[in-house]
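Please keep the sequence and the structure in view while reading.

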Amino acid sequence: MRKISILLSLLLLTMPLMAQVQTFEWQGTQRQYLVKSPAGITRSVPVLYFLHGLGDNITRIDNEFHFQQIADRFGWIVVVPQALNEGYGTMWNAGLMNSNTDDAGFLLALLDTLSARGLVNLDSVFFTGFSMGGFMTHRMAIEHGNRITACAPVSGLITHSLSNRQAVTPVKMLHIHGTADPVVGYDGNSQYFGGNLGLGVEAILDYWETANNCTGEPVIDTFPNLRNDGLRFVRYTYQGDAPLQHIKVIGGNHTWYHSEEQYDIGYMTEIHKFFTSNNGGNAGISKPTQDALSLWPNPTTGKITVELPGKSALEIMDMLGHIVASFQLQPGTHQLDLTHLPKGLYIIKDKTSGTQSKVLKSH
């Protein structure tokens, strides 16, 4: 029987990542999840977790978000895990209730399992989520930010039970929230569930300003109002040990705004730009530009990932202008190893396109 169990485990590990609903046993329970991967994947790539809202399920949100298209568009693996029914519908244990469900442990164990397949880049782990999934994204950042590259909770709060905990490390953080949200209010209150669900957005920003050691006032810029959507999107960018950003959706409801054709921004596009940017986002612009390379993490302890739209000849220079490394790369996402370089500030320049970015090697 043990040999059969081992064989079944190996078969599960070698199942195509394109499979539909898969299962993973955690704490004696079969947990469900979806994995969407880019076609023809042959190397480790970034992984994006998407955490659904209260009462939702992974099949329905896959039909709404089209995660396979997102995986193909970004060249990333997209993981969509399913929360358990805790008596109030499917619900993440984000600190709103008394529960023994270790959802954080499940999410990290799932990450380790996917990494064992050799296709997940553990230096590029991203979390986003909507509503209750946003609550859980904050929890993951606070408790396990040392394993996460960046987080982007949407319409979710930091619960009061977590607000007194110190984040384990500064975390690159983008919080998106609508000012007219009646379900998870901008001030922390809910018209649907009654009472206060957690910290209001201003207090959340204070929390992450402290955790990320941000200094000075934020840079504020407003996205161009090009659509008749009744909304205004305003971005606040803070600088610290890790970038902090807030997109305030004036008039925004409890909604994930998808399409740039219908709205001034699309949430997934802005989240991806934030995750892959050097400084947390390009303040003052509404469309991607080619004036900077997309690379992460930054700062780095040794390895960085660069995303290239075309063939590129990269040069890495120290601050004296000496070329310390060079690469000839094809379009796509590549990992560069800088572990042999001493700590300090470097310039990475794409000689083909003329774009460049600075990267800080911290160790």
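## A sheet and its helix

Strand S11 and strand S12 (residues 303-308) are paired in the antiparallel sense, over three bridges. The model in which this pairing is found is a predicted one. Within the pairing, Leu295 has Val306 of S12 as its bridge partner. Strands of a sheet pair through backbone hydrogen bonds, either parallel or antiparallel.

The two strands belong to an open sheet of three strands, in the order S11-S12-S15, with antiparallel pairing. Strand S11 (294-296) and strand S15 (332-337) are its edge strands, each pairing on one side only. On average, and with direction ignored, neighbouring strands of this sheet are turned by 25° against each other. Helix H8 packs on the sheet and touches S11 and S12; the direction of H8 makes about 65° with that of S11.

## The chain as a whole

The protein chain holds eight helices and 17 strands. Of its 363 residues, 55% are buried. Among contacts between residues at least 6 apart in sequence, 63% join residues at least 24 apart.

## Aromatic rings

The structure contains 19 aromatic pairs. One of them is formed by Phe65 and Trp256, which are arranged edge-to-face, with 5.2 Å from centre to centre and 75° between the planes. This pair links distant parts of the chain: Phe65 lies in helix H2 (residues 58-65), whereas Trp256 lies in the loop between strand S10 (244-250) and helix H8 (267-276), and the two are 191 residues apart. A pair of aromatic rings is described by the distance of the centres and the angle of the planes.

Is Phe65 buried or exposed? Phe65 has a relative accessible area of 10%, and therefore counts as buried. Trp256 is likewise buried, because its relative accessibility is 5%. Both residues also take part in a cluster in which ring pairs link Phe50, Phe65, Phe67, Phe130, Phe233, Trp256, Tyr257, Tyr263 and Tyr267.

| Charged residue | Ring | Distance from ring centre |
|---|---|---|
| Arg31 | Phe106 | 4.1 Å |
| Lys172 | Phe274 | 5.3 Å |

## His138 and its surroundings

His138 is located in helix H5 (residues 132-144). Its relative accessibility is 0%, so His138 counts as buried. Which residues is His138 in contact with, leaving aside its neighbours within four places in sequence? They are Pro153, Gly156, Leu157, Ile158, Met173, His175, Ile204 and Trp208. With Trp208, the side chain of His138 is joined by a polar contact of 3.3 Å.

## Two residues with positive phi

Ser131 is found in the loop between strand S5 (120-130) and H5. Although Ser131 is not a glycine, it has a positive phi of about 60°. Ser131 is also buried, because its relative accessible area is 9%.

Gln27 likewise has a positive phi, of about 55°, and is not a glycine. The loop that holds Gln27 runs between strand S1 (22-26) and strand S2 (29-36).

Conventions:
Residues numbered from 1 in each chain as written. Predicted model: local features only at pLDDT ≥ 70, side-chain atom pairs only at ≥ 80, totals over all residues. Heavy atoms only, no water. Helix = DSSP H or I, 4+ residues; strand = E, 2+ residues; numbered from the N terminus. Buried < 20%, exposed > 50% of the residue type's maximum accessible area, 1.4 Å probe, protein only. Polar contact = N/O pair within 3.5 Å; in protein donor to acceptor, adjacent residues only side chain to side chain. Contact = heavy atoms within 4.5 Å. Phe/Tyr/Trp six-rings, centres within 6.5 Å; stacked < 30°, edge-to-face > 60°. Lys NZ or Arg CZ within 6 Å of the ring centre and 35° of its normal. Pairing = 2+ DSSP bridges. Axes fitted to C-alpha atoms, helices over the stretch in contact; angles between N-to-C directions.
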